[in-house]
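Dear colleague,

I am handing over the structure we spoke about, and below it you will find my notes on what was found in it. Please read them with the model open beside you.

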Amino acid sequence: GKTYVADVKAYHRRMDAGETCDEVGADPRIEDAATVLQLARRVNEHSDAALAQRFRARFAFAPDALISIAQDHGQFIGPLFSLDDGRVIVRIGPAYEETAQWMIVADVSFETLPQVSGVGRSMNRRVWAICEGEYIVTRDGFSGPQIARFELPTGVEGLPESLGLESTDYARRCNEMIPFNDGKRVLLRNATGVYLLTPEGVRRIHPQEFDEDGPYTWPKNQFDNGLALDMLHMALSPDERFIALGDQDSRHILLKGDGRVLKEFEPLSDYPHCAVFSPDSSKVAFNSCHLYSGATLLASTQDDSEPTTLDNGSRVYAAVATKDAFIVGSAEGYLDALGAPDNILWRHHVGSSMSGIEISADERVIWAASYGGYLVRLERLGHDDPFSIGHSPYSETARWVFWQNERHPLRW
């Protein structure tokens, strides 16, 4: 098992160094991957955590050896939220698919949440926003007492009547939610915009302007007769004073916590794609993409100083921030810790384009997910992971594989 993983790892590094397929030759263990996958299925039939750990110690997961299966059967995973007891709450499948479902993953067990259509967590990690149908409720703890209840958007809030746009079912979806720490306000994102929800009603905070010749004036699109935006994203600062957002046709936009526009920045690449704040809320990183590359701009929330370029290579799908770095998940399947402009502190290969990242409060555990149907747990163990690709202080201690051709998720 260790020889198999080492060979695949060496194969990947030679390709990453720029050698061609002909120069490297066929993966010497690619046929063994099918055998290892069969073993994984048999191990998972027993739902035995100790057996799963022994299997993983013998056969660590090698993403490149199974890349063709991930390409054909992988599922988008995200967002994801860890619980204090080590479990993690994830959405399997993109929000626009009817088959997407929320699930609680606990080592070798999986609990589906069929009534839940949206989950979000506050910046202080205590308050949760949960949608189970016609309303969103906030709770003190995931299963704790209710704090407030909120109406869902119609999708036409703040739209000029002259656009002739109508309400659609997509406006009632909860692609992403962030409740405020008091549970009395919720940020909601779906394909029709970003909204600020209060018990008094729903207010659109993006887009707020509709130029006569601008990008938000089409009367019809793939969502029947309603507004639809691409690459829409949002972030709330830890101190809740700022909101960062944008979409494919906008600039990078920084709002006050009440939704008023504070600043706008020109993207370094073509399309705004992702945003994340520093832990002290003094900085915000905005990524914009072009195909599978991109650039990340770093701006101050405290003054009018000129933004700097944090990174000039990656299309970022998800990001978190620590006291020392912005950890971004790239389209190439890596986690990159960016400590300063063009300075990658460490890299960790997960496999497939990254779709979600979560980090524990003490920064010792990272959960990451990707479009290939992978959910991984990375931990700081004080020693190098001999089977990881990259140079990271984290070791992969568990991986869950969600492939559409498998009857059940595989714990690896």
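I begin with a charge and a ring: Arg185 lies over the face of Phe180, at a distance of 3.9 Å from the ring centre. Please bear in mind throughout that this is a predicted model.

**Aromatic pairs**

How many aromatic pairs does the model contain? The count comes to 13. In one of them, the rings of Trp128 and Phe142 have their centres 5.3 Å apart and their planes at 80°, and the pair is edge-to-face because planes over 60 degrees apart are classed in that way. This pair links distant parts of the chain, since Trp128 belongs to strand β6 while Phe142 lies in the loop between β7 and β8, 14 residues apart. Both Trp128 and Phe142 are buried.

Another pair, formed by Trp346 and Tyr394, is tilted, with 5.5 Å from centre to centre and 55° between the planes. Trp346 lies in strand β24 (residues 343-349) and Tyr394 in the loop between β28 (390-391) and β29 (395-401), so the pair ties together parts that are 48 residues apart in sequence. Trp346 and Tyr394 are both buried. The C-alpha atom of Tyr394 is separated by 8.2 Å from that of Ile366, although the two residues are 28 apart along the chain. Ile366 itself is found in strand β26 and is buried, with a relative accessible area of 0%.

Ring pairs also link Phe55, Phe59, Phe61, Tyr374, Trp403 and Trp412 into a cluster.

**Helix α4**

Phe55, a member of that cluster, brings us to helix α4, residues 49-58, whose buried residues are Ala52, Phe55 and Arg56. These three cover an arc of only 100° around the axis, which puts them on the same side of α4. An α-helix has 3.6 residues a turn, so residues three or four places apart point the same way. On the other side of α4, Arg54 and Arg58 are exposed. The N-terminal end of the helix is capped by Asp48, a side-chain oxygen of which lies 2.9 Å from the backbone nitrogen of Ala50.

**The sheet that contains β24**

Five strands form an open sheet in the order β21-β22-β23-β24-β28, with antiparallel pairing. Its edge strands are β21 (316-321) and β28, each of which pairs on one side only. Within the sheet, strand β23 (residues 334-340) and β24 pair in the antiparallel sense over six bridges, and the bridge partner of Ala340 in β24 is Asn343.

Ser360 has its place in the loop between β25 (354-359) and β26 (365-370). Is this residue buried or exposed? With a relative accessible area of 16%, Ser360 is buried, because the limit for that class is under 20%. A polar atom of the Ser360 side chain lies 3.2 Å from the backbone nitrogen of Arg364.

**Cysteines**

The count of disulfides comes to zero. Cys131 is in no disulfide, for the nearest cysteine sulfur, that of Cys174, is 3.7 Å away, whereas a disulfide requires two cysteine sulfur atoms within 2.5 Å. Cys131 counts as buried at 0% relative accessibility, and Cys289 is likewise buried, with a relative accessible area of 0%.

Terms used:
Residues numbered from 1 in each chain as written. Predicted model: local features only at pLDDT ≥ 70, side-chain atom pairs only at ≥ 80, totals over all residues. Heavy atoms only, no water. Buried < 20%, exposed > 50% of the residue type's maximum accessible area, 1.4 Å probe, protein only. Helix = DSSP H or I, 4+ residues; strand = E, 2+ residues; numbered from the N terminus. Arc of directions from axis to C-beta. Polar contact = N/O pair within 3.5 Å; in protein donor to acceptor, adjacent residues only side chain to side chain. Phe/Tyr/Trp six-rings, centres within 6.5 Å; stacked < 30°, edge-to-face > 60°. Lys NZ or Arg CZ within 6 Å of the ring centre and 35° of its normal. Pairing = 2+ DSSP bridges.
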